[in-house]
Amino acid sequence: MELAFVLEKFILITVIFLVSLGVAAYSTLAERKIAGYLQDRVGPNRAGPGGMFQPLADGLKMFMKEEIIPTDSNKFLFIAGPSLALLTACIGSAVIPWGPNIILGGKTIALQVADINVGVLYIFGVVSLGVYGLMIGGWASNNKFSLMGAVRAASQSISYEIPMGLSLIALLLVTNTLSLKEIVEQQHGGNWNIIYQPLGFIIFLVCSFAETNRTPFDLPECETELVGGYHTEYSGFKMGAFMFAEYLNMFVASAVMSTLYFGGYNYPGIDWVSNLVGPIIGPLIAMAVLFAKIFAFIFFFMWVRWTVPRFRYDQLMNLGWKVLIPLAIANIVISGIVITVYDKFF
Amino acid sequence: MNNYPVYTDNDPQKETITLNLGPTHPATHGVFQNVLEMDGERIISGVSTIGYIHRAFEKIAEHRPFYQITPLTDRMNYCSSPINNMGWHMTVEKLLNIETPKRVDYLRVIIMELARISDHLICNGILGVDTGAFTGFLWLMEEREHIYEIYEEVCGARLTTNIGRIGGFERDFNEIAFAKIKKFLIKFPPILKEFEKLFNRNRIFIERTSGVGAVDPETALNYSWSGPILRATGVDYDVRANEPYSSYEDFDFDIPVGNSGDVYDRYIIRNEEMWQSLRIIEQALQKIEKEPQGVFHADVPEFYLPPKEEVYNNMEALIYHFKIVMGEIDTPKTEVYHAVEGGNGELGFYLVNDGGRSPYRLHFRRPSFINYQMYAPMSAGMLLSDAILNMSSLNVIAGELDA
């Protein structure tokens, strides 16, 4: 492994890390602005022009706040909880292909941190780990509301990982690979997986709402019932870390959905545009397209949050186990039959 | 379980947990406590503790002249204080046998129905917030603001209105007030419709609310429920229709009745009542046109404070002013009960008078207090989420609960 390779990856990791943090930070502003728009009000507009510096002000405020650690809590786990939540939220973006390869001076630069051949499984592993932060944080607080929030978070994310995984199996029948890069390359141009897996996409979308704890699945924090859910006892930046992790998760979930079902950085006419603008600008345009898709998904997350009420705990479980899992299994069976028949006769 | 706050579980072997819901919990919308015995998410039993903001209004009222009790009533159900004010004024008028002109009655009806709308707006908006949908609440808050602007135009205050006087109003409605009422009648219906679109047929909302806290009419009557939550169980009892006051008999309006008494029915009933209130206000505006203009109080100089210019320039007015302020006027030695249909139900005033300037004993029949008695028994067996929706649809206002 030569130095240039390490350097290249290091720069890429840094850039992606910073971009994810930036997107997450500005998602908080976007959320408040969109909520304001939906609710006939303005939203934050004091810090900077149009509230542009609001995320910075929020972050600063979080750092300046007094850190309160409850006396009876387990201090190590109390700090470990939000750290773990933030960590798992940050590493999810490692396998996402952000754009086609850039050819710079005869050297190919991949816009992906790690093109591992089990990319889909990696994402799954990371997402499953995410709930540990919430559980540990909620348990360590030694507060009944936090504990209830943590229990809800655990059971919710375990229940919804199953239909999510099953919907992905159907997708893998179509793609025949676990590598995200290859999945994206297969969807070249407008040949997106959503065409082959519409039901799978809907199941995946619902499950990603549940996995990111967004309304209508925000039971773990559920202000009106559990005060703050798992983060009731948190203050200062530890609380900020939980919130930040939620927005990062949303960003990663949007990126994964765009990659798996909406062609990643592909768009109809990508070849024509690439030939027109050259090997450096072309990939950058493709990357911008990916980000446009991601932002559309993030907007969708917010739009839903400020429109619908949340489920009750048992209704959430019913939806997961009695509706989504059978649907996902049916989707696998149908996809399998269709693919077999197609391969045999055409 | 004891009826005092329990803060910790002392028995490590216990299978259940004790959860203190309140006194400061985001869902209680006020200061009151429920100590719940929980098995996971399910409530096994609950004990309500009230009285955190008890201000002894009934005792204070015994030392105040009648006209100074109005501000106390403001602070009971502060979501619809004009109804409390008017109810109190009408009680005193009943005691003193004062006949109010029709125009005063209609003006009172307008204000009371606006107050009912603002009360129901808050309740249904908050119900939305408690289910997790925040947006509808803010749409409605904007309209409540317009109602408050009308109050402001009529009496100068917004929340604790102290609106009107014994015998009528302290001043006539001005042109701007009427213009604002008319504007409200035009602007409010589309927004209420939009709000209903957001919730009425929302699948998640229906699943969350229907069947939750269902009460049969018999139980509801045994607990002496009244108001929208009683009507949701199917009992068509509305003080405005059964015991008309303030010329409600002149108006044509429907009383919506539900059938299951659950949270969804209560929500629908409240929404429908807002539509009916709008109808009443429209009729009242038309009726006022036909009444003699400029009449805004009954002609009772012994009890209605004269304007200050007259007090300084007119002997009669000065005498009456002195007598009212010093409490020199005899009142009948009797007891009266008068009830109005408040935002939450029958708001009654039981006044025992010994002939002086202040009541011998005054009791407020606060609907929130009476409706809330069933909350803890109802909660047993519910999920925590349901119990919270049930609480917000009972519309327990802490000020009215504790008086």
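Predicted model: local features only at pLDDT ≥ 70, side-chain atom pairs only at ≥ 80, totals over all residues.
Biologist: How many residues of chain A are in contact with chain B?
Modeller: Chain B and chain A bury about 2500 Å² between them, 58% of it on carbon and sulfur atoms. On the side of chain B, 36 residues take part. Their partners in chain A number 26 residues.

Biologist: Which element gives the largest share of the side of chain B that touches chain A?
Modeller: Nine residue pairs are in polar contact across the interface of chain B and chain A. The elements of chain B that give two or more residues to this side include strand S1 (17–21), helix H4 (102–131) and helix H16 (384–394). The largest share, five residues, comes from S1(B).

Biologist: How many residues apart are Arg361(B) and Glu58(B)?
Modeller: Their side chains meet in a salt bridge (3.3 Å, N to O). Arg361(B) lies in strand S6 and Glu58(B) in helix H1 of chain B, so the pair links distant parts of the chain, as defined by these elements. The separation is 303 residues.

Biologist: What separates Arg116(B) and Glu113(B) in helix H4 of chain B?
Modeller: Arg116(B) and Glu113(B) form a salt bridge, with the closest N and O atoms 3.2 Å apart. Because they are three residues apart in the helix, the separation is about one helical turn.

Notes: Residues numbered from 1 in each chain as written. Chains lettered and ligands numbered in written order. Heavy atoms only, no water. Contact = heavy atoms within 4.5 Å. Buried area = accessible area lost by both parts, 1.4 Å probe. Polar contact = N/O pair within 3.5 Å; in protein donor to acceptor, adjacent residues only side chain to side chain. Helix = DSSP H or I, 4+ residues; strand = E, 2+ residues; numbered from the N terminus. Salt bridge = Lys/Arg side-chain N within 4 Å of Asp/Glu carboxyl O.
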